[in-house]
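This report describes one protein structure for a reader who has not seen it before. Please look through the sequence and the structure shown here before reading on.

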Amino acid sequence: MVFDVRRLDIYRKVPKDLTQPTYTGAVISICCCMFMLFLFLSELTGFIATEIVNELYVDDPDKDSGGKIEVNLNITLPNLSCDVVGLDIQDEMGRHEVGHIENSMKSPLNNGQGCTFEGQFSINKVPGNFHISTHSATAQPDNPDMTHVINKLTFGEMIEVKNVQGAFNAVGGASKLASNPLASHDYVLKIVPTVYEDLKEKQRYSYQYTVAQKVKWWIFLFDSLADCASIQYYSEWPWCGQVGLKGLFPCCITFIYESRINTAYNKRTNNKLSCC
């Protein structure tokens with residue numbers, strides 16, 4: 001006798017006129033469909049959601065920068081005239097500039113009694129400092145009032161992306177208007193290169209920094225670290241096998257459970273008919 005492989009078919013076709021719908025089967029089918037819909041929506045939500053991953057490694061990511069870091073500075077000095085305000089830059093490579101004026105602008109305030117300084121300049125990736133002072137002025141003021149508000153201090157490209165948090169403008173908004181007018185301030189900065197990579201694998205280079213402050217001189221002391229911070233967006237594709245198994249499992253359970261209930265119901269009905 002030849003073994004018929006069709007005996008292994010658990011989804012046997014039954015003529016439509018021999019099938020009978022039941023309330024139990026309808027309830028189980030609705031529950032099964034709702035459960036599968038829940039699994040589908042949960043997988044879809046996981047697929048749509050993006051994950052932000054932060055990494056730290058030793059490297060200089062922006063190798064096309066030529067060893068330079070672009071700086072954007074905006075400071076308001078409400079009690080110091082623009083005539084005596086200047087930017088000085090120096091570092092360990094021997095750079096020493098007094099009164100740097102390239103790509104800088106000074107806007108008078110309070111009828112010329114105050115000044116807003118805004119400048120874009122580059123620094124070398126070595127320890128050094130840049131500071132606002134009166135060193136470049138032709139005539140030095142007797143008692144320079146160094147009270148100030150730092151509106152903006154960023155390095156490299158400013159990254160403003162939703163849900164991406166970082167110390168790209170750590171001292172932005174710092175106010176020293178209530179401090180001693182003759183006091184000066186040190187802002188000690190630790191600069192860390194940062195790479196932002198979006199879903200299209202497009203990279204943008206910026207720098208985050210930490211700041212420590214002490215009253216001494218009004219100087220931004222900077223030190224560029226070798227460590228690099230990476231911010232990446234990830235969107236994972238749902239695992240098709242996992243989705244398939246999750247959808248197949250309730251279907252199989254429903255089929256078996258409904259078959260058991262129908263079999264028990266039919267046997268009970270047949271026993272009643274036999275007794276009669």
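Is phenylalanine 130 buried or exposed? With a relative accessible area of 0%, phenylalanine 130 is buried; buried means under 20% relative accessible area, exposed over 50%, and partly exposed in between, with a 1.4 Å probe and protein chains only.

This is a predicted model, in which local features need pLDDT of at least 70 and side-chain atom pairs count only at pLDDT 80 or more, while totals for chains, interfaces and linings use all residues. Residues are numbered from 1 along each chain as its sequence is written, and side-chain values use heavy atoms, with hydrogens and water left out.

**Aromatic pairs and the core**

The whole structure holds 2 aromatic pairs. Rings of Phe, Tyr and Trp (its six-membered ring) pair if their centres lie within 6.5 Å; planes under 30 degrees apart count as stacked, over 60 as edge-to-face and the rest as tilted. The pairs are listed below.

| Pair | Centre to centre | Angle between planes | Type |
|---|---|---|---|
| Phenylalanine 121 and phenylalanine 130 | 5.3 Å | 70° | edge-to-face |
| Phenylalanine 155 and tyrosine 209 | 5.3 Å | 80° | edge-to-face |

Phenylalanine 155 is in strand E8 and tyrosine 209 in strand E11 (residues 203-215), so their pair ties together parts that are 54 residues apart in sequence. Helices (H or I, at least four residues) and strands (E, at least two) are DSSP runs, numbered from the N terminus. Phenylalanine 155 and tyrosine 209 are both buried. Phenylalanine 121 counts as buried too, at 3% relative accessibility.

A nonpolar core is a set of buried Ala, Val, Leu, Ile, Met, Phe, Trp, Tyr and Cys residues joined through side-chain atoms within 4.5 Å. The largest one has 28 residues, and those touching the most other members are Leu73, Phe121, Ile123, Phe130, Ile132, Leu153 and Phe155. Two or more residues come from each of E2, E3, E6, E7, E8, strand E10 (185-197) and E11. The largest contribution to this core, 5 residues, is from E2.

Strand E2 (residues 68-77) contains asparagine 74, which is buried at a relative accessible area of 15%. Its side chain makes a polar contact with the side chain of asparagine 151 at 2.7 Å. A polar contact is a pair of N or O atoms within 3.5 Å; within protein, one must be able to donate a hydrogen and the other to accept it, and residues adjacent in sequence count only if both atoms are side-chain atoms.

Asparagine 143 lies in the loop between strand E7 (128-133) and strand E8 (149-156). Asparagine 143 counts as exposed, with 59% relative accessibility.

**Cysteines and helix H1**

A disulfide is a covalent bond between the sulfur atoms of two cysteines. Here a pair of cysteine sulfur atoms within 2.5 Å is taken as a disulfide, and the count by this rule is 1. Cysteine 82 and cysteine 115 form the link, with sulfur atoms 2.2 Å apart. Cysteine 82 is in the loop between E2 and strand E3 (86-91), and cysteine 115 is in strand E6 (residues 114-124), 33 residues apart. Both cysteine 82 and cysteine 115 are buried.

Cysteine 31 counts as partly exposed at 48% relative accessibility, and cysteine 33 counts as partly exposed at 49%. Helix H1 (residues 23-48) has 26 residues. Its buried residues are Gly25, Ile28, Cys32, Leu39 and Glu43.

Key
The expected span of a helix is 1.5 Å times one less than its number of residues.
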